[in-house]
Amino acid sequence: MLAKCQKTFYVGFRAGQALPEKVKIVEVGPRDGLQNEKTIVPTETKIHLIDMLSASGLPVIEATSFVSPKWVPQMADQVEVMKGIGRIPGVSYPVLTPNLKGFQAAVKAGASEVAIFGAASELFSKKNINCSVDESLQRFNDVMKAAKEAGVPVRGYVSCVVGCPYEGKVAPEKVAYVAKRLYSMGCYEISLGDTIGVGTPGSMIEMLEAVSKEVPISALAVHCHDTYGQALANILVALQMGIGVVDSSVAGLGGCPYAQGASGNVATEDVVYMLHGLGIQTGVDLSKLMDAGAFICRTLNRKSNSKVAQAVCKL
Amino acid sequence: MSSKLKAPCSLEWYSSPLFLFDIVPQTITGHAYPKFVKIVEVGPRDGLQNEKEIVPTGVKIQLIDMLSGAGLPVIEATSFVSSKWVPQMADHSDVLRGIQRAPHVQYPVLTPNLQGFQDAVAAGATEVAVFGSASETFSKKNINCSIDESMLRFEEVINTARERQIPVRGYVSCALGCPHEGHIEPSKVAEVAKRLYEMGCYEISLGDTIGVGTPGSMFKMLQSVMKEVPTSALAVHCHDTYGQALPNILTALQMGVCVVDSAVAGLGGCPYAQGSSGNVSTEDVLYMLHGMDIETGVNIAKVIEAGDFICNALRRETNSKVARAKGRTL
């Protein structure tokens, strides 16, 4: 009981940290979002979406993924998308590169930043990419080496940071281990993903405390899913711990493959609304962002997952 | 400055730098989280009141009984307003008489005036609630009188309630924004809260009626109110219209508030944003609190069951993300 009281007090005490003045939003809608949508979206639509997102002031927009189209048909037009978008100076357009071949194709298509994915859960790694966590990190060595030679920055993702659909609870130390490996390998930023959205401010803080012992907070980002409605609360505690990079998806694109019909990515509009309400700068024009969300939802013929979008459309 | 403000309730207004002109705190206080949070379940009243379909009395009673079985300590059962204004609550006496009252559970009812209070007591009410507003325009449009006039009405209720030793809970609506006036000064919220508290309300529930609040505005409002009313007598009633309810509740907890209003299945839309959500879902609040090792005494699985029951009866989907996810996980 005493330990519980102490833990509660400590958690509250850490919450007294100053909030960042600026937060960098990493928009993952065109990749992570669309990848989880059933309807194949035409290339021109993807390009138009990315262009609208660029115009809204987002500093980072994950454009596409250089995985084999056999596995992810939605991303088959990766080269055309990369070549078709209007690149705004100062905006990054990272792409996923699961292996060296993908990296080479990405660079050839004009990519100037890439991303790699690790998992904090062994079972998830095996079921998802058919190898252990250590094996997956080794595969990325080739990508890291080539990226270093080409002067291309690499972002690292860690999935299942608070829970795994197969293993259940994930040990914070395991997350810290994978994050540290990716960071030591040369990733400039590590995005910690609550893949199934089960995290709460409690488990989030526990995990972030473990990871921040191994990786500087300035190199950390949070990628929260809103499957259980916890995303914004989780993002808030991450901000209170000093984290200044948040991943989100316009219109909350991308459901949860582990909870059919449930939501997945947190909606960028809802994140920006909260950040602006806190006086935190993002550089994003919320109404232009909402235009982009309205556009893609019209095309997909579905309702936005963003509550801000749903509310404002009715005012 | 005010001439530059765009129309209240447009998105531009809420994100304009002028709205944020007041210094926004860069720190959330280092308050420890409460070990226990009291959940005030408002689904059967605030929730159903905002549902279009009239719910049969038997269904309302069963819902309340299921919620009692889930361990909720407070369940707002019904409202003694004129059925002319709120047809959904026309069966108030039957509901109050029909429910199984679990020991240690409170079943407050709304009583907008003395007549309503007397009817409530005749029907067996042992706790009542009155509703004030922090916005003059909202007060006039909603209950056809100014804030001051409404306070006089409530004073009658509170004094009579005191004679009968019936506790009274006070609500302040539009605490973080008004659909007509837009921005509401935290000092105005504090003033209304203080009046209700000094008149004799044991608890003041601060309502973000249109869900526009964020942790920034929640912090500023609570800072102001806490100067006038003890934190232990405060509750937050957050709407999730803009998805901000849980971070707002989290902020309130960080400031020492330990009473949270919510509605099973997120019952009750927003009358000011057609089709949008209103009340925050009890299930989603519980998920967050339990994940933080904060006790509530509530069995979340039983609340989900109650939510399933009422959503089936209303033939609509739940607004709770937890219920939706749990219903469909592999």
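# Sheets and a helix pair in chains A and B

Q: Which residue stands opposite Val40(B) in S9(B)?
A: In this predicted model, Val40(B) stands opposite Asp261(B) of S9(B). Residues are numbered from 1 along each chain as its sequence is written, and chains are lettered from A in the order in which they are written. Local features need pLDDT of at least 70, side-chain atom pairs count only at pLDDT 80 or more, totals for chains, interfaces and linings use all residues, and side-chain values use heavy atoms, without hydrogens and water.

Q: How many bridges join S1 and S9 of chain B?
A: Four bridges join strand S1 (residues 38-41) of chain B to strand S9 (residues 259-262) of chain B, and the two run parallel; strands are DSSP runs of E with at least two residues, helices are runs of H or I with at least four, and both are numbered from the N terminus.

Q: And what order do the strands of that sheet take?
A: In chain B, nine strands form an open sheet in the order S2-S1-S9-S8-S7-S6-S5-S4-S3, with parallel pairing, where two strands pair if DSSP finds at least two bridges between them. Strands S2 (74-75) and S3 (78-79) of chain B stand at the edges with a single partner strand each, so one side of each is left without a neighbour in the sheet.

Q: Which strands does H7 of chain B touch?
A: Helix H7 (residues 147-163) of chain B packs on the sheet and touches S5 (128-133) and S6 (168-173) of chain B, contact meaning heavy atoms within 4.5 Å. The direction of H7 of chain B makes about 165° with that of S5(B); axes are lines fitted to C-alpha atoms, for helices over the stretch in contact, and angles run from 0 to 180 degrees between N-to-C directions.

Q: Is S5(B) largely enclosed or open?
A: S5(B) is largely enclosed by the rest of the structure, because five of its six residues are buried, that is, under 20% relative accessible area with a 1.4 Å probe and protein chains only (over 50% is exposed, in between is partly exposed).

Q: What is the bridge partner of Val109(B) in S5(B)?
A: The partner is Val128(B), and strand S4 (residues 109-110) of chain B pairs with S5(B) in the parallel sense over two bridges.

Q: Switching to chain A, at what angle do H3 and H12 pack?
A: Helix H3 (residues 43-55) and helix H12 (residues 286-300) of chain A pack at about 165°, with their axes 8 Å apart.
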